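Please consult the sequence and the structure shown below alongside the text.

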Amino acid sequence: MSFLVLKAYLKLVHFDLYLARGNFETLYNKVRNFPIRKKPASPDSVERICSAVDMACIWYWKEALCLQRSAATACLLKSCGVPAQMVIGAQQTPFKAHAWVEVDGRVVNDKPYTPEMYAVLDRC
């Protein structure tokens, strides 16, 4: 397992603890206030980090929820200098909420048409 996959796995655990305690507000604030590294990101950072999070989810002991995956992805991207945003959206009928990550308005950890399926509630 690569070091980046291990970091992604640890981020999944970190955010899973907030979700297990029902502490959505703290999770939200951690992602929103996570500093973006000043050093410019390498051209393949987004792809490498999204792949590492996907791999970490395969090894995770339970299903990683979209909010947990997106929080981990956004923070790892920010730590590499990528100005990522976690986006939270919902649809009304049937009610369904979803989270994903965007970089420069482009979805990076989900299907590209995801924003068309959900009304955006917030970006952090």
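D54 is found in helix α3, which spans residues 45-59; helices here are DSSP runs of H or I with at least four residues, numbered from the N terminus. The model is predicted, so local features need a pLDDT of at least 70 and side-chain atom pairs count only at pLDDT 80 or more, whereas totals for chains, interfaces and linings use all residues. Residues are numbered from 1 along each chain as its sequence is written, and side-chain values use heavy atoms, with hydrogens and water left out.

**Individual residues**

- D54 is partly exposed, because its relative accessible area is 37%; partly exposed lies between buried (under 20%) and exposed (over 50%), for a 1.4 Å probe and protein chains only.
- Between D54 and E25 there are 25 Å in space, C-alpha to C-alpha, and the two are 29 residues apart in sequence.
- T73 belongs to helix α4.
- With a relative accessible area of 1%, T73 is buried.
- Leaving aside neighbours within four places in sequence, T73 is in contact (heavy atoms within 4.5 Å) with I49, C50, V53, V101 and N109.

**Packing of α2 and α4**

- Two packed helices are described by the angle between their axes and the distance between the axes.
- Helix α2 (residues 24-33) packs with helix α4 (residues 66-79) at an angle of about 25°, and their axes are 9 Å apart; axes are lines fitted to C-alpha atoms over the stretch in contact, and angles run from 0 to 180 degrees between N-to-C directions.
- The pair α2 and α4 is therefore roughly parallel, a term for angles under 35 degrees.
- The crossing of α2 and α4 is left-handed, meaning that the near helix is turned anticlockwise from the far one by less than a right angle.
- On α2 the contact involves F24, L27, K30, V31 and R32, and on α4 it involves L67, A71, A74, C75 and K78.
- By class, this contact of α2 with α4 has seven nonpolar, no polar and three charged residues; Ala, Val, Leu, Ile, Met, Phe, Trp, Tyr, Cys and Pro count as nonpolar, Asp, Glu, Lys and Arg as charged, and the others, Gly among them, as polar.

**Aromatic side chains**

- There are five aromatic pairs in the structure; rings of Phe, Tyr and Trp (its six-membered ring) pair if their centres lie within 6.5 Å.
- One of the pairs, F15 with Y18, is tilted, at 6.2 Å centre to centre and 45° between the planes; planes under 30 degrees apart count as stacked, over 60 as edge-to-face and the rest as tilted.
- F15 and Y18 both lie in helix α1 (residues 3-20), three residues apart, about one turn of the helix, and both are buried.
- One aromatic cluster is formed by Y9, Y60 and W61.

Methods: Helices (H or I, at least four residues) and strands (E, at least two) are DSSP runs, numbered from the N terminus. Angles under 35 degrees count as roughly parallel, over 145 as roughly antiparallel, 65 to 115 as roughly perpendicular and the rest as oblique.
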